[in-house]
Amino acid sequence: MKLKQRVVLLAILLVIFIFTKVFLIDNLDTSAANREDQRTFHRMMASLRVELDPRLDHTMQSPWEIAAQWVVPREVYPEETPELGAVMHAMSTKKIVKADVGYKGTQLKALLILEGGQKVVFKPKRYARDYVVEGEPYAGYDRHNAEVAAFHLDRILGFRRAPLVVGRFVNLRTEIKPVATEQLLGTFLTVGNSTCFYGKCYYCRETEPACADGDIMEGSVTLWLPDVWPLQKHRHPWGRTYREGKLARWEYDESYCDAVKKTSPYDSGPRLLDIIDTAIFDYLIGNADRHHYESFQDDEGASMLILLDNAKSFGNPALDERSILAPLYQCCIIRVSTWNRLNYLKNGVLKSALKAAMSHDPISPVLSDPHLDALDQRLLSILATVKQCTDQFGPDVVLVEDRMTLSHL
């Protein structure tokens, strides 16, 4: 080979080396934290399908004892949960020993006690899968299937802050009425050939009962958190007024996040980052109704924001309520781990992952295809919002490495 050809070949190899380094290697964040994020994501993807299997061969504990031991200040269940299928099987099949009206709130629910003493919240089916809830983004009845889908999205996002939820069919005549309290039993009625009930809640009306298909009612059951972890309720700093013509401060004050950062518990610790994670979660599911949120009591801002009551979600797949993302685009910060996970889920991965995760649920298919497609579209909007932030402030400001502490002082 002539000298000139050798020089040309070396030059080409040098260009290839530089291209590889600059455009491939340098664009991969090789920090230990990000490598661990990627490993965690792949482990999650490998364990998405949760088969509801009653066997717990390796332990003498009940499924309720196992689930109670999972709960710690920063997660409701651990990253690896080989017993998850057994716990969810128990939730969907264990005998109901008592049924009562639900805890106070605006929407219809029932509080059930399952064999072994475990409390669960039952939310009945009110809409068909393809029904579109029109009007305000928080309009309509609770959607039981939204609770199921939101739980699995929580798994996929790696937050692990939502209580366990599974679908269940109950026979109102043989499973609920014989063990119902007088208060609940007094709300039962028959419409045509169907057994119905309307419960006790702020918006519960005898004229608007939830009705079974004959005696069989589809619904969701949410596992009650252990009593040793009492909850504390907080007003959401980005909550809505729910009053026509009256805006909340965040809706007109562009510097609102600066004010939030100066108030406890958002001035330090992980709570503000949890708020932003929750905004991303809520935007994906279309939940514009998180006016309050819960954490564990006496936590001084250190425990997680618990993702409770996600049923005002998946109402209208054509509605992308951008205001839900206000904490993200006003504060322009996001956890690196959350950012990485969102990027792993683009290009259709999110839709496929959620569909796989829900495939073994008793009420599958949980969501209609338009809702699954909407998730992928909303993910693109979130990624674009973060990019606008990084373009304006730089990635070093926007992408927050630390997962536990955050100081604005």
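Is Cys257 buried or exposed, and at what relative accessibility? At 1% relative accessibility, Cys257 counts as buried, where buried means under 20% relative accessible area, exposed over 50% and partly exposed in between, with a 1.4 Å probe and protein chains only. The model is a predicted one, in which local features need pLDDT of at least 70 and side-chain atom pairs count only at pLDDT 80 or more, while totals for chains, interfaces and linings use all residues. Residues are numbered from 1 along each chain as its sequence is written, and side-chain values use heavy atoms, with hydrogens and water left out.

Cys257 has a bonded partner. A disulfide, meaning a pair of cysteine sulfur atoms within 2.5 Å, links Cys257 and Cys331, with the sulfur atoms 1.9 Å apart. Cys257 lies in helix α8 (residues 256-260) and Cys331 in helix α10 (residues 326-331), so the pair ties together parts that are 74 residues apart in sequence. Helices (H or I, at least four residues) and strands (E, at least two) are DSSP runs, numbered from the N terminus. The link is right-handed, with 105° about the S-S bond, and Cys331 is buried as well, with a relative accessible area of 7%.

By this rule the count comes to four disulfides. One of them joins Cys332 to Cys389, S to S 2.0 Å. Cys332 lies in the loop between α10 and β11 (334-335) and Cys389 in helix α13 (residues 369-393), so this pair ties together parts that are 57 residues apart in sequence. The link of Cys332 and Cys389 is left-handed, with -70° about the S-S bond, and both cysteines are buried. Cys201 and Cys204 also form a disulfide. With bonded cysteines counted along the chain, the pattern is 1-4, 2-3, 5-6, 7-8.

Helix α3 comes next. In α3 (residues 63-70), the residues Pro63, Trp64, Ile66, Ala67 and Trp70 are buried. Seen down the axis of α3, these residues fall within an arc of 160°, so they line one face of the helix; the arc is that of the directions from the helix axis to the C-beta atoms. They pack against α4 (84-93), β2 (110-114), β3 (118-124) and β8 (216-223).

Finally, there is an annotated position. An unreviewed UniProt entry gives the annotation "active site" for Asp289; such annotations may be inferred rather than shown by experiment. Asp289 is found in the loop between α9 (271-285) and β10 (292-296). Leaving aside neighbours within four places in sequence, Asp289 is in contact (heavy atoms within 4.5 Å) with Tyr138, Tyr242 and Lys312.
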